[in-house]
Amino acid sequence: MTVHPSLEPYADAWTHSIEAISELVLPLTEGQWNLPTPCPGWSVRDVVSHIIGIECEQLGDPRPIHTLPRDLRHVVDEFTRYMEVQVDVRRHHTAPEMTSELEYTVIRRARQLRNEKRDPSALVRGPLGDQVTLEQALRMRAFDVWVHEQDLRAALGAPGNWDSPGAFVARDLLLAGLPKAVAKGAGAPANSAVVVDVHGPVEFMRTVRVDATGRATLEETPSLGPAVTLTMDWETYVRLAAGRVRARSVAPERLKVEGDPQLAEALLAAFAVTP
C-alpha cells in the first residue's frame, strides 16, 4: 500500500475493515439503514455517514456548511457537535446514495494511500482540524473503521473479524489509555497494581503498576497480589474500553472481578478510553 513500512500495518488494517464495511452495507434494504447501533443516537446510516465524512476530510475535502437541529440529545459537547455535522448532512440520503458515495470515497482514499510519499512524521490535518503526524492519523483511521465495523456488525447481527488486522491496532490503542484510566480515572493508590486478563480471538494479560508518585505504567509481566484483577473476553474488553457498554450491563459470566470492590467499581466506571 505504501512506501513507508511503519504505515503499512495501519493501511492494511484500514483497507481490510473498510472493504468489510462496504460488503456489509451493499445489500442492505432501506429499513436496515435505520437500525440502531451501539453508538448513541446513530443508526447504520449515521455510522457509515461518519466514516465517509472523516475519510473525505482526510482527503482534504472542505467540511459541509450545515446547521444542526437542536433536538439531537446525543450531541452534548463540542466534540460530538463537530462529529455530527458530517452525519446529519446525510441523514436523508437513500441506500444507493450511501453505497455509491462510500464506494467513491474508498477508491479515492485507497489511491491516496497507494501514492503516499510523505514521511510518517509529517503533520497532517487530524479529525478535529488539529495537526497530527501522518502515522498517528492513519493509526486512528484504522482503529476507527474497525470499531465502527463492529458497531455495524452488532446492529446487523453479523458478527465477525474480531481477530482481523484492525483488532490488533485497536488492542494497542485501547491499552495505551489503560494507565490513565487506572491512575487518574479510578484513582488507584500509590504502589498498587491492576491486572487485566483478556481471552478470546485476541488474548493478552497486562499489568498497570502505579508507583510511589502516582505514575502508572503498562507492563506485560504479571503482578503478585494485585489490588484488582479484571478477567473478560476480547469482545467485552472492546465494548467497555470503546464506551459501547457499561459494566453493569455486561453478563457476569463475561466479566470476572477480583480484589478491592471499590477500586474495581471506580476502574470500570473510568474504563472507556475513547471519546
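**Exercise 1. Proline 96**

Task: In which helix of this predicted model does P96 lie, and is the residue buried or exposed?

Solution. Step 1: Locate the residue. P96 belongs to helix α5, which covers residues 95-114. Step 2: Read its accessibility. The relative accessible area of P96 is 52%. Step 3: Apply the cut-off. A residue is called exposed when this value is over 50%, so P96 is exposed, at 52%. P27 stands 69 residues away from P96 in sequence, and the C-alpha atoms of the two prolines are 9.9 Å apart.

**Exercise 2. Serine 192**

Task: Is S192 buried or exposed, and which residues does S192 touch?

Solution. Step 1: S192 is located in strand β3. Step 2: Its relative accessible area is 13%; because this is under 20%, S192 is buried. Step 3: Leaving aside residues up to four places away in sequence, S192 touches V208, R209, V210 and A227.

**Exercise 3. Helix α8 and its cover**

Task: Which residues of helix α8 are buried, and what covers them?

Solution. Step 1: Helix α8 runs over residues 178-185, and its buried residues are L178, P179, A181, V182 and A183. Step 2: Identify the cover. It includes the helices α7 (165-176), α9 (234-241) and α10 (261-269), together with the strands β3 (192-199), β4 (204-210) and β5 (216-219). Step 3: Examine what comes after the helix. α8 is followed by G187, which has a positive phi near 65 degrees.

**Exercise 4. The nonpolar core**

Task: Which residues have the most contacts inside the largest nonpolar core, and which helix gives the most to this core?

Solution. Step 1: Recall the general principle. Nonpolar side chains tend to be buried together in soluble globular proteins. Step 2: Describe the core. The largest nonpolar core contains 73 residues, and W234, Y237 and F271 have the most contacts inside it. Step 3: Name the main contributor. Helix α6 (residues 134-156) gives the most to this core, with 10 residues. Step 4: Follow one member. Not counting residues up to four places away in sequence, Y237 touches L174, L175, L178, V196, V198, F204, M232 and F271.

**Exercise 5. The whole chain**

Task: What is the radius of gyration of the protein chain, and what value would a compact globule of 275 residues have?

Solution. Step 1: A compact globule of 275 residues would have a radius of gyration near 19 Å. Step 2: The protein chain has 20 Å, which agrees with that value. The C-alpha trace spans about 55 × 40 × 35 Å along its principal axes. The chain has 10 helices and seven strands, and 49% of its 275 residues are buried.

Terms used. Residues are numbered from 1 along each chain as its sequence is written. This is a predicted model: local features need pLDDT of at least 70, side-chain atom pairs count only at pLDDT 80 or more; totals for chains, interfaces and linings use all residues. Side-chain values use heavy atoms; hydrogens and water are left out. Helices (H or I, at least four residues) and strands (E, at least two) are DSSP runs, numbered from the N terminus. The radius of gyration is taken over C-alpha atoms; the globule rule is 2.2 Å times the number of residues to the power 0.38. Buried means under 20% relative accessible area, exposed over 50%, partly exposed in between (1.4 Å probe, protein chains only). A nonpolar core is a set of buried Ala, Val, Leu, Ile, Met, Phe, Trp, Tyr and Cys residues joined through side-chain atoms within 4.5 Å. Contact means heavy atoms within 4.5 Å.
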